Amino acid sequence: MRDDSDESLMFRYRDGDVRAFELLVTRHRKAVYNFIVRFVRDAAQAEDVLQETFLRVIKSADAYEKQAKFTTWLYTIARNLCVDAARRGKHRRAASLDAPVNNDPEAPALIERIADAGAGVDRQAIGRQMALRMQEAIAQLPDEQREIFILREVNDLQFNEIADIVGCPENTVKSRMRYALEKLREALEEYRDLAQAAP
Amino acid sequence: MPELPEVESVARSLRPRLVGRRVVAIEVSGLSLRRPIERERLERALAGAKAEGVRRVGKYLLIDFSTGNVLLVHLGMSGRLLFARPGEARAPHTHAVFRLSGGLELRYVDPRRFGVLRAYSAGELERSPELSVLGIDPLAPDFSVAQLIAMLASARRDLKGFLLDQSRLAGLGNIYACEALFLAGLGPRRRTHRVGAAAAARLFGAIREVLEAGIRNRGTSFSDYVDAEGDQGSNQNTLAVYGREGEPCRVCGRKIRRVVQGARSTFYCPGCQK
Ligand SMILES: [Zn+2]
C-alpha cells in the first residue's frame, strides 16, 4: 500500500480503509502545513486550518472522484480554508500557546528551496540572516503572489495544478510567479549589498 | 472538576423533572461566576418559557426552552445543579435559583465560582464565545477514527495536552484523559503527529470506553460532584491510574507514576504505556 498512488489510497479510504487515510495524511501533512502556515502566518491557526483541511477530506470522501489529482483537490480545500481564515481575521486562540513558526523543528529547510528559486545565489553564502531576510520578504509579498510562490517552490506543484487550485488561468499564475521572484531577488540583492558594505 | 460523563449524568438526572416545567422566576446572588450572571438577560430569555429538553455538548449543558432560547451551563470546577423544594434551606454558595412551575426549584450552587450560566437565542448559540471554539464531542455519532487521525496529525504537541484541548476534543478533562491513555497503552508525552493508525484506533476506542464507563457509573465523585438529585457517582472506584500514584498497576504490577504536565498531574503506568 505504501507504493500506491494518492488517488488509489483515497479510493481505499472511501471504501473504509482507515490505514489508507493515515498514509495520505502522513504523506502530505508537512507540505500542506508549510503551505498553510505561510498563508495564514500563525502557527496555531495553521494547525487549525490543517485539521479542518483533513476533516473536509473525510467529509467529502464519498464525493471524491478521480477527475482531479488528489493533491490538486487537497490544496484547493486548504487554500479555500486559508482564504476564509484570512477573511475572519485575528485568530481566536492565543498564538502564545503554541511555538512560533521560527522555532518549529519541522519547518522545512526553506532557505534551500529559495536558493533554488532562481536568485542564483551561492548556497554556501546563505546564512541564517539571509534566511530570515528571505522569510520576511516572502511574508511581504501580496497574497496572490505569495500563495503561488509557496505552492510552486515549497510544495513543488505544477503551474497547471496551481491554476486549478487558485482558480485562475495558467498564464496569470506564471506572471504572478515572475513578479514574486523579482521582488524576492530584489530583497536578496539589497541584503547582499548591505552584507558587503558591512565591515 | 466535572468532565463529560459527569455533565452527561447531570443532564440525564435533570430531564425527568425539568422537562415540561415553566420558569416562573429567577433569583441570583449577585456574585459573579467566570462571567457575571446577567439576570435581566436570563429573565428576558426564560421567564414563562417551558423547558423542552436537556442536551450536552462537550462539558456544556444546554437546556432548550419553548421560546427557542437556550440556557447554557458550565459547571466550572465545582458547580452543581440541584432540585429543591421552595421552602428548603439554600446551600451556601447558591448563585442562581430558577423557580419552576409545580412547586420545584432548580438551584445553581458553585463554591469556587468558575462556572458559566448564560441564556442565548437558538440563533446565537452556535456563535457564542463558549460553543464556537469547541471541538468535536467524542461521543458524537459521527466522530470517527479517521477524524482522530486527522486531528492528531494536525496538532504538534504531547498526547495528554491534546486530549485536554477543548478546541479539538470537547469533554475530556484530567481524569478521563489519563484513563484513556492508559487503556490505549500510550505514553502521555508521546507526540501527537507520530501516532500511527493502529494506535489512533486504540486511542479512539479507549476514549469512548472510559467516557461510556464513566456515564454507566454516573460519574466520578472525589469531593464535590453530585447529579441534580444530589447523588454521587461511583466511577472513582474503577479508575486504573488517576489518583493512584505509587500503587501497583492492576495489569503489570509496576508502580503508577505521577508527573506534572501543563501544570496538571498526569498519572500513568510506565510498564503499560509507551
Ligand atoms: Zn501497567
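Which side chain meets that of Asp137(B) in a salt bridge? In this predicted model, the partner is Arg56(B), at 2.5 Å from N to O; a salt bridge here is a side-chain nitrogen of Lys or Arg within 4 Å of a carboxyl oxygen of Asp or Glu. The pair links distant parts of the chain, 81 residues apart, with Asp137(B) in the loop between α3 and α4 of chain B and Arg56(B) in strand β2 (residues 51–57). Helices (H or I, at least four residues) and strands (E, at least two) are DSSP runs, numbered from the N terminus. Asp137(B) counts as buried at 11% relative accessibility, and Arg56(B) counts as buried at 15% (buried means under 20% relative accessible area, exposed over 50%, partly exposed in between, with a 1.4 Å probe and protein chains only).

A second pair in chain B joins Arg35(B) and Glu130(B), with 3.0 Å from N to O. Arg35(B) is partly exposed at 32%, whereas Glu130(B) is buried at 5%.

Chain A has nine helices and zero strands, and 48% of its 199 residues count as buried. Within it, Arg79(A) and Glu147(A) form a salt bridge whose closest N and O atoms are 2.7 Å apart. Because Arg79(A) lies in helix α4 (residues 70–88) and Glu147(A) in helix α7 (residues 143–154), the pair ties together parts that are 68 residues apart in sequence. Both residues are buried.

Turning to the interface, 19 residues of chain B are in contact (heavy atoms within 4.5 Å) with 19 residues of chain A. Ser154(B), Arg156(B) and Arg168(B) supply 35% of the area that chain B buries against chain A, more than any other three residues; buried area is the accessible area (1.4 Å probe) that two parts lose on being put together, summed over both. There are two salt bridges between the chains. In one of them, Glu47(A) pairs with Arg168(B), the closest N and O atoms being 3.4 Å apart.

Residues are numbered from 1 along each chain as its sequence is written, while chains are lettered from A and ligands numbered from 1 in the order in which they are written. Local features need pLDDT of at least 70, side-chain atom pairs count only at pLDDT 80 or more, and totals for chains, interfaces and linings use all residues, with side-chain values using heavy atoms and leaving out hydrogens and water.
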